[in-house]
Amino acid sequence: VIDPRQLKPDTTETERILTVLDETIVKLEITRLISWIIGSLERYARMLGPEITNRLLEHQKLSMEIQHLLSSPGDEQTIRAVEQRLKSSLRNILRLFLANPLLYHGLKYEVRVKESPADVFIKAFMEFRDFTLERLLTSPDEEKEKIKFMEDISLRVEKNMETISALREELTAVIQTRDEEVNRKDKTIENLKTSIENLASDCKANLKQIMEEGEKQQKEDEKASQDRCARLKEDIQQLRAQFNALVLEHRASELVLKKAKCKAEREIQEWVQKYNTDMAEKQTTYEEIEAVYNEEKEQLSLLMEKHALLLTEYNAIEEERRMLKEKEEEAAREEARRNNAATCIQAVWKGYLVRSIYKSKLKKGKGKGR
C-alpha cells in the first residue's frame, strides 16, 4: 500500500489545498517549540539570530503581561489589546521561521520536547491531511470503479458462501440420514437380540446371518457416507482455491495499476519541477525588467517635473508674446487709422485748393467777357 504522503497532487487546486495544510502543520509544530525555545533562549540565541531572539523576548514579555492581566481583574479592553499584540507577535515569529526553513528543521531535531496534548492534535491534523489527499486524488470514476470491484468481489464471495452453505446443509442432511438409519438399524439389532435371547436355541443361524447382513450394510453405508463427505470436502477445497486464486489475481492487477499510477505521478512531478524551474527563470527575468522599469519610471518622473517647470515658463513666455503681439496689432491699427485720417484730411485739403483755383479762374474769365 502506498503511503499517502508519497503521492503527488495532480491539479493546481489540490496542490494549493495541500500547501495550506502543510503550512498549517509546520506552524503548529513551530508554535509547539516556541515555549521550549523561550525557556532556553540563551542556549539557542546564536542559532536564532538577533531578530528572532528579540521577537521571542518581546513575545515572552507579552505572555507574562497577559498572564498577569488574566490573574488579576482588569480592563477588558486592555486585555483584548494585549491579546491582539500577542497574536501579532506570534504571527511575526511564524513568518520569520517560515522564511528560514533550515533553521526550523535544525531546531526540530535540536530541541527535545516532551510529549504533550499538542502532539496528539498535530498527529490528528496530519492524518486529516493524508485523508484529504487520498480523497482529492481519488477521482469519481476511480471511486465508482473501486465500489463496483468491491461489489463484484462481495457478490462472488456471497455466491461461494451460499454454495458452501448449501453443501454444508446437504452434508448435515446426509449425516443426519445416516445417523437415523444407523439408529434404526441399532434398534432393529437390539430387537433381534431380544428375539435371539428369547429364541436362542432356535435362531442362532438366522441371528448370525442377520448380524452379518447388518454389519455389511452398515459398512457399505458408512463407506458411501465417507465417500460423499470426501467429495463434498474436495468441492469445498476447490471452491476455496478458486476464491484464493481470484483474490490473488485481483491483487496482482491492483499492484500493476498502482505501479502505473506511481509512474504517472513521477512523470507529473518531473513536469511540475520543470514548470517551477521555468517559472523561477521567468520570475528572475521579470524582476530584472521590473527593476529597469522602476529606474526608468523614476527618470520619467524627474523629466515630467522638469517638463512641468519648462511648460510653466513656456506658458508665461507665450502669454508675454501674446500681449506684445496684441500691443503691436493695436499700435498698427492706430497707425492705420491715423494714416487714413491723414489721407482723408489731405484729400479734403487738396479738393479745397483745386476748387479755390477753379473758382479764381472762373472769376477772371467772367471779367474779361464783360
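Buried residues, meaning those under 20% relative accessible area with a 1.4 Å probe and protein chains only (exposed is over 50%, partly exposed in between), make up 16% of the 370 residues in the protein. The structure is a predicted model, in which local features need pLDDT of at least 70 and side-chain atom pairs count only at pLDDT 80 or more, while totals for chains, interfaces and linings use all residues. Residues are numbered from 1 along each chain as its sequence is written, and side-chain values use heavy atoms, with hydrogens and water left out.

The protein has eight helices and zero strands, where helices are DSSP runs of H or I with at least four residues and strands are runs of E with at least two, numbered from the N terminus. Contact here means heavy atoms within 4.5 Å. Among contacts between residues at least 6 apart in sequence, 76% join residues at least 24 apart.

Two packed helices are described by the angle between their axes and the distance between the axes. For helix α3 (residues 50-71) and helix α4 (residues 76-99), the axes come within 9 Å and cross at roughly 155°. These axes are lines fitted to C-alpha atoms over the stretch in contact, and angles run from 0 to 180 degrees between N-to-C directions. By class, the α3 contact with α4 has 13 nonpolar, five polar and five charged residues; Ala, Val, Leu, Ile, Met, Phe, Trp, Tyr, Cys and Pro count as nonpolar, Asp, Glu, Lys and Arg as charged, and the others, Gly among them, as polar.

Ile93 lies in helix α4 and, at 0% relative accessibility, counts as buried. Leaving aside neighbours within four places in sequence, Ile93 is in contact with Ile34, Arg55, Leu56 and His59. Ile93 and Ile34 are 59 residues apart in sequence, yet 9.0 Å apart in space, C-alpha to C-alpha.

The largest nonpolar core has 13 residues, and Ile34, Ile37, Leu48, Ile52, Leu56 and Phe97 have the most contacts inside it.

Terms used. A nonpolar core is a set of buried Ala, Val, Leu, Ile, Met, Phe, Trp, Tyr and Cys residues joined through side-chain atoms within 4.5 Å.
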